[in-house]
Amino acid sequence: MSDDRPFQWEFRPEPVPPETLTVEGGTPLRGTVPVSGAKNAALKLLAAATLTGERCRFTNVPEIDDVRVMADTLRDLGVVVDHPASNVYEVASGDVEWLFVPLEAAAKMRASFILLGPLLARFGRVIISNPGGDRIGRRPVNLHVDAMRALSAEIEYRNGYYFARSPGRLRGSEVRFPFVSVMGTENAMLAATLAEGHTVIRPAAREPEVDDLIAFLQRMGAEVERTYPDTIEVEGRKRLRGADHHVIPDRIEAGTFVVAAAVTGGDVTLRGAPCDHLEAFLDVLRRAGVGVECRGDTIEVHGDALRDGGYRSVNVTTAPYPGFATDLQPPTCVLLTQATGTSRVHEAIFEDRLEFLGELRRMGADVTLEDPHHAAIVGPRPLHGAEVEVGDLRAGASMILAALAADGRTRIHGSHHINRGYENIERKFLDLGARIERVIDPSPGEPNAHGTAEGNAVTTS
Ligand code: UD1
């Protein structure tokens with residue numbers, strides 16, 4: 001019998017109940033919406049808590065599926081994860097029994113790979129599924145693996161799993177990335193906090209969520225600092241202590257609601273919004289003619305220009321922070337369907353992020369996908385309701401925005417993807433006057449034209 005037999009299980013993804021969002025468009029959104037905690041900060045903070053055996057407490061954690069997946073993945077390792085109140089999580093990693101992160105976790109959420117650095121650094125070994133394998137997506141993790149090797153880890157790849165070990169403590173080193181990677185930076189930094197000696201990470205991602213992680217690690221007693229905008233230095237410690245942390249607000253959720261207000265010609269105030277983290281995005285929206293005012297931690301959005309002559313076309317190129325966030329590219333494309341002239345969109349980071357434009361076209365948008373990284377959007381074009389299918393989180397939220405702006409009823413199939421990253425999204429939209437309903441089908445019936453089952457529906461909103 002071979003040693004790696006347990007890892008040759010056949011992978012069977014858990015069935016997700018078919019879920020649809022139905023939106024009646026055409027209502028300008030009005031009111032105030034609170035911004036939740038940042039998904040991309042919270043996931044890394046929960047993982048970072050495994051660097052110590054002491055209890056860590058997090059507040060302002062968003063109530064989203066990705067956080068629940070991370071919590072369950074940690075529990076499967078033997079970590080105690082409590083959820084004593086809404087938006088509060090406590091993590092105690094005193095008794096980690098099982099240094100194995102299975103494909104089931106990686107298939108649900110690529111961010112599970114962030115456990116590589118902390119588990120390897122603290123326990124000297126971990127077996128972790130490759131989330132970038134052909135089975136579940138195209139995104140590679142080679143930079144993470146190279147970073148661990150630079151810190152002296154021994155890593156072998158077999159049967160879809162990375163077998164990582166470090167006979168003694170990891171050793172601090174220079175970690176040089178060929179280009180910026182957010183989670184690559186974070187994984188290297190997490191591992192280096194418990195390594196022996198000094199680590200320099202360059203170029204280090206500059207995203208606000210990385211700085212939030214640095215702030216938490218410092219509270220844990222880690223010696224980690226951003227010494228230049230693109231450089232993070234770490235002096236490894238033998239052990240870290242438990243700490244508390246309040247998660248920063250979600251700039252991507254905030255940006256999504258900014259576009260929702262703009263594209264419906266509404267007036268919306270975002271409360272607890274991270275204005276400083278949205279500069280490149282807000283600059284594009286202002287150039288398009290959207291009224292946006294930042295006051296402390298509120299953002300006021302005025303969509304009057306939609307009624308008084310329309311928005312102007314703008315060109316958008318995504319880039320690592322402080323550039324225009326790739327996660328805000330899909331919502332911005334929806335806005336650009338209502339801008340006069342031709343807008344060119346260059347998605348410079350991911351090759352699959354413009355694919356959702358095909359669904360936008362079904363709603364009447366004039367979009368041309370020139371290649372996987374370039375699109376042209378001609379506007380303004382009135383959008384109309386349609387049956388659309390979404391395949392990922394940001395595209396999903398963007399189709400809600402398109403549906404809110406459209407004339408008539410849109411049914412968004414595959415809307416469970418949106419729950420991965422947006423807390424109470426339909427509640428928040430309902431409170432702004434939107435007509436939106438979530439329909440969960442507990443008893444799948446015949447597949448419809450989209451291959452999505454229809455049956456006895458129950459609604460949750
Ligand atoms: C994070 C965010 C995601 C965001 C992205 C870019 C989380 C959980 N997710 O993802 O929402 O869209 O940053 O801002 O924080 N790459 C490699 N090899 C690697 C790693 C990355 O080639 O080992 C490539 C990617 O395919 C991509 C580019 O590097 O083209 C940047 O990706 P990266 O910054 O690593 O994104 P994530 O950290 O995965």
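A residue is called buried when its relative accessible area is under 20%. The structure described here is a predicted model.

By that cut-off, strand 5, which spans residues 88-92, is mostly covered, with five of its five residues buried. In a regular strand, side chains alternate between the two faces of the sheet. Strand 5 has cover on both faces. Val88, Glu90 and Ala92 are buried on one side. Tyr89 and Val91 are buried on the other.

Strand 5 pairs with two strands. Strand 3 (residues 55-59) runs antiparallel to strand 5, and four bridges link the pair. Within strand 5, Glu90 is the residue that stands opposite Arg57. Strand 4 (residues 80-85) is also antiparallel to strand 5, again with four bridges. Here Ala85 has Val88 of strand 5 as its bridge partner. Strand 4 and strand 5 form a hairpin with two residues between the strands. In this hairpin, Asn87 adopts a positive phi near 70 degrees.

The largest nonpolar core contains 77 residues. Phe58, Met70, Met189, Leu217 and Ile232 have the most contacts inside this core. Helix 1 (residues 39-48) supplies the largest share of the core, seven residues. A second core is separate and holds 72 residues. Among its members are Phe281, Ala288, Val290 and Ala375.

Leu217 illustrates the contacts made by a residue of the largest core. Neighbours within four places in sequence are left aside here. Leu217 then touches Ala48, Leu51, Met189, Leu190, Thr193, Ala222 and Val224.

The ligand is surrounded by 19 residues. The closest are Arg110, Asn142, Ser181, Asp327 and Ile349. Taken alone, the ligand exposes 740 Å², of which the protein buries 87%.

Helix 1, helix 5 (142-150) and helix 6 (182-192) are the elements that each give two or more residues to the shell around the ligand. The largest share, three residues, comes from helix 5.

Note on methods
Residues are numbered from 1 along each chain as its sequence is written. This is a predicted model: local features need pLDDT of at least 70, side-chain atom pairs count only at pLDDT 80 or more; totals for chains, interfaces and linings use all residues. Side-chain values use heavy atoms; hydrogens and water are left out. A nonpolar core is a set of buried Ala, Val, Leu, Ile, Met, Phe, Trp, Tyr and Cys residues joined through side-chain atoms within 4.5 Å. Buried means under 20% relative accessible area, exposed over 50%, partly exposed in between (1.4 Å probe, protein chains only). Contact means heavy atoms within 4.5 Å. Two strands pair if DSSP finds at least two bridges between them. A residue is near a molecule or strand if one of its heavy atoms lies within 4 Å of it. Accessible areas come from the Shrake-Rupley method with a 1.4 Å probe; for residues, only the protein chains shown count as cover.
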